[in-house]
Amino acid sequence: MIIDIHGHYTTEPAALHAFRDKQLAGLADPGRRPKGTDLGITDDQLVKSVQPQLDFQRQRGSDLTIFSPRASGMGHHVGNEAIGREWCRVSNDLIHRVCTLLPENFAAVGQLPQFPGAPIENCIPELERIVNELGFVGINLNPDPSGGYWKTPPLTDRSWYPIYEKMCELEVPAMIHVTGSCNPAVHFTGAHYINGDTTAFMQLLQGNLFADFPELKFVIPHGGGAVPFHWGRYRGIAQDMKKPPLEEHLLKNVFFDTCVYHLPGIELMTRVVPIDNILFASEMLGAVKGIDPRTGHHYDDTKRYVDQVKELSAEERYKIFEGNARRVYPRLDRQLARRGQPGRAALHA
């Protein structure tokens, strides 16, 4: 089974964007605020909207995509906390509907109603709702709700602990994922996303978070940003800081996806990052949608790159494509087992 752990709903019906436009227009003119949260989107419209993802799944040979709201659309820095909370609920409900209609193709991950300066515990009711009531298997957690200005304490700060406690209780991991950038000096996909990945890793390296939360799991997307390329730098910094080796200090809890859009990048990842810490992902229909003129294939067809890494054994490929995802997302593993798709460990138990 091929599990793509990083997919965003980037083909949403226009009605969702119209709702958001009215929401934000209502900040200046309350009379333009939406009267309710019923978007008027039919099930048929939802299924039609994800046909591009379904087509690519068939063409590229993947089976299941872990699906969350559009990352740049989370917009934690936009509006006010009340509007963000409503937007979060509407966005998560739409993800739930897609995954309910197409459970063989999608599993749900939700956004949280984070807002700059607001206590993270304000997000707990939505986290409990999407996991306990809607069956979501994970969340996206934004380390920079200010949208490119980094006004939030590091992820190791105790102000984050309430959400970590709830994540551990509910057995859900978080993908560390920023949203759009409102800083004109920082492009959102080309700089802010990669900055967010790299900064989050360095914050975790500097702290000792997993001593307090040994069961907490984070996925750092986009191949970990700059981290794999500078693996020696981070090993050296950890050593200078008198931290344990990275394998002991972070890698029981921190994982990386394969949203890296060329073969040399994937080859580098598999050589420096332990295979147990790499999860297959493509961010399909995400940041880079074009075709590479050098190969004639889409940049984000990342399965092709993994398939071409000659050094990987059959067991290592299984871990990247399925096994690691089922271990990091235990609620997904249980969902699949209930549908008659037990993991390899269960088959050999």
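Author: A disulfide here is a pair of cysteine sulfur atoms within 2.5 Å. The model is predicted.

Reader: By this rule, to how many disulfides does the count come?

Author: The rule asks for two cysteine sulfur atoms within 2.5 Å. Cys 99 is in no disulfide. By the rule, the count of disulfides comes to zero.

Reader: How far away from Cys 123 is the nearest cysteine sulfur?

Author: Cys 123 is in no disulfide. The nearest sulfur belongs to Cys 88. Its distance is 7.4 Å.

Reader: Is Cys 123 buried or exposed?

Author: Buried means under 20% relative accessible area. Cys 123 has a relative accessible area of 2%, so Cys 123 is buried.

Reader: Which strands are at the edges of the open sheet?

Author: The sheet has eight strands, paired in parallel. Their order is S1-S2-S3-S4-S5-S6-S7-S8. Two of them pair on one side only, and these edge strands are S1 (3-9) and S8 (278-279).

Reader: Which residue in S5 does Leu 141 stand opposite?

Author: Strand S4 covers residues 138-141, and strand S5 covers residues 174-176. The two strands run parallel, joined by three bridges. Opposite Leu 141 stands Ile 176.

Reader: Which residue stands opposite Gly 138 in S4?

Author: S4 also pairs with S3. Two bridges link them, in the parallel sense. Opposite Gly 138 stands Val 109.

Reader: At about what angle does helix H14 run to S2?

Author: Helix H14 spans residues 330-338. It lies across S1, strand S2 (64-69) and strand S3 (106-110). To S2 it runs at about 130 degrees.

Reader: How far apart are the end C-alpha atoms of helix H7?

Author: H7 has 19 residues, 188-206. At 1.5 Å a residue, the helix should span 27 Å. The model agrees with this, with the ends apart by 25 Å.

Reader: Which strands do the buried residues of H7 pack against?

Author: Among the buried residues of H7 are His 192, Tyr 193, Phe 201 and Leu 204. The buried residues pack against helices H8 (209-212), H9 (231-240) and H10 (246-249). They also pack against strands S5, S6 (218-220) and S7 (254-257).

Reader: What is the relative accessible area of Leu 46?

Author: Leu 46 is found in helix H2 (residues 43-49). Its contacts beyond four places in sequence include Tyr 9, Ile 41, Leu 94 and Val 98. Leu 46 is buried, and its relative accessible area is 0%.

Reader: How far apart in space are Leu 46 and Pro 13, C-alpha to C-alpha?

Author: Pro 13 is one of the residues in contact with Leu 46. In sequence the two are 33 residues apart. In space, C-alpha to C-alpha, they are apart by 7.2 Å.

Note on methods: Residues are numbered from 1 along each chain as its sequence is written. This is a predicted model: local features need pLDDT of at least 70, side-chain atom pairs count only at pLDDT 80 or more; totals for chains, interfaces and linings use all residues. Side-chain values use heavy atoms; hydrogens and water are left out. Two strands pair if DSSP finds at least two bridges between them. Helices (H or I, at least four residues) and strands (E, at least two) are DSSP runs, numbered from the N terminus. Contact means heavy atoms within 4.5 Å. Axes are lines fitted to C-alpha atoms, for helices over the stretch in contact, and angles run from 0 to 180 degrees between N-to-C directions. Buried means under 20% relative accessible area, exposed over 50%, partly exposed in between (1.4 Å probe, protein chains only). The expected span of a helix is 1.5 Å times one less than its number of residues.
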